Each structure stands twice: as structure tokens, then as C-alpha cells.
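Let's take a look at how some side chains meet in this protein. Have the sequence and the 3D view ready.

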Amino acid sequence: MLDRLSTSQEDLHSAELQEDAQAAGCSRICDCDDRQVVKVTGTLRTVTLRPRAGVPALEAELFDGTAPLDVVWLGRRSIVGIEPGRRLIASGRISMSHGRRVLFNPKYELRPLGQE
């Protein structure tokens, strides 16, 4: 009980995300290597529209409590339900770009919000 009182909100959120990943049978993002096929889960921290090579691309940062992962949907300007604070499960092949893990055009499943 004393640990929960002295732990920051961010640390508690990270621990909760890691428990969710384990329960869903997902890999931890920090353990994912280049070219590995993975299934990960976490919370979207940011969502931006950032063109890549002249093609629209919706880019989001997924965080699972261990490390961030850039999730990119090429050719999309928006996707209903993809918004900051939303939890999702994503699967696909990890690649490395500028030292960051990236997942292009993943299969994904939106997790329920709150009491849905």
C-alpha cells in the first residue's frame, strides 16, 4: 500500500499497461527487434498527420509502459477511433527508422473506452 502512495501516476500507468499486455498475450515493445513480427498493446500518446514521400500518413505513438512505438498508416488522413488516450492492440512487422521502432499499416483492434 505504501508503494502505491509513493509511486508517481506515470509509473502506476506504466505498470497497468504492462499488466494489460501480459494478459492479452502481447510482446513488450522494449523486447521487439527489427524485422520481427509482433503483437503489441498500449495507449496512443500522440496522433499526427505527417506526409511521407508526398503521400498522406497518419502517425501515432503507442506506449506500453516500456518503450514507445511509432504506428504509421500510409495513405490515410484519419481513422475513426484513432485518437490520443485510446488503447489498442496492433500487430505486424517492426522496422527501425532513425533509431525508433515503427510499425507500418498494422492490423489493429481498438480497446473499449472507460465503461463501454
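What follows is a short tour of charged pairs and rings.

This is a predicted model, where local features need pLDDT of at least 70, side-chain atom pairs count only at pLDDT 80 or more, and totals for chains, interfaces and linings use all residues. Residues are numbered from 1 along each chain as its sequence is written, and side-chain values use heavy atoms, with hydrogens and water left out.

Let's start with salt bridges (a side-chain nitrogen of Lys or Arg within 4 Å of a carboxyl oxygen of Asp or Glu). The structure has 6 of them, including these:

| Pair | Closest N to O |
|---|---|
| Arg 28 and Asp 31 | 3.0 Å |
| Arg 52 and Glu 59 | 3.1 Å |

Arg 45 belongs to a salt-bridge network with Glu 61, Asp 70 and Arg 100. The charged end of Arg 45 also sits over the ring of Phe 63, 3.9 Å from the ring's centre (the rule: NZ of Lys or CZ of Arg within 6 Å of the ring centre and within 35 degrees of the ring normal).

Arg 52, at 28%, is partly exposed.

Now the rings: Phe, Tyr and Trp (its six-membered ring) pair if their centres lie within 6.5 Å, with planes under 30 degrees apart counted as stacked, over 60 as edge-to-face and the rest as tilted. That gives 1 aromatic pair. The rings of Trp 73 and Tyr 108 have centres 5.5 Å apart and planes at 75 degrees, so they are edge-to-face. Trp 73 is buried at 4% relative accessibility, while Tyr 108 is partly exposed at 33%.

Technical notes. Buried means under 20% relative accessible area, exposed over 50%, partly exposed in between (1.4 Å probe, protein chains only).
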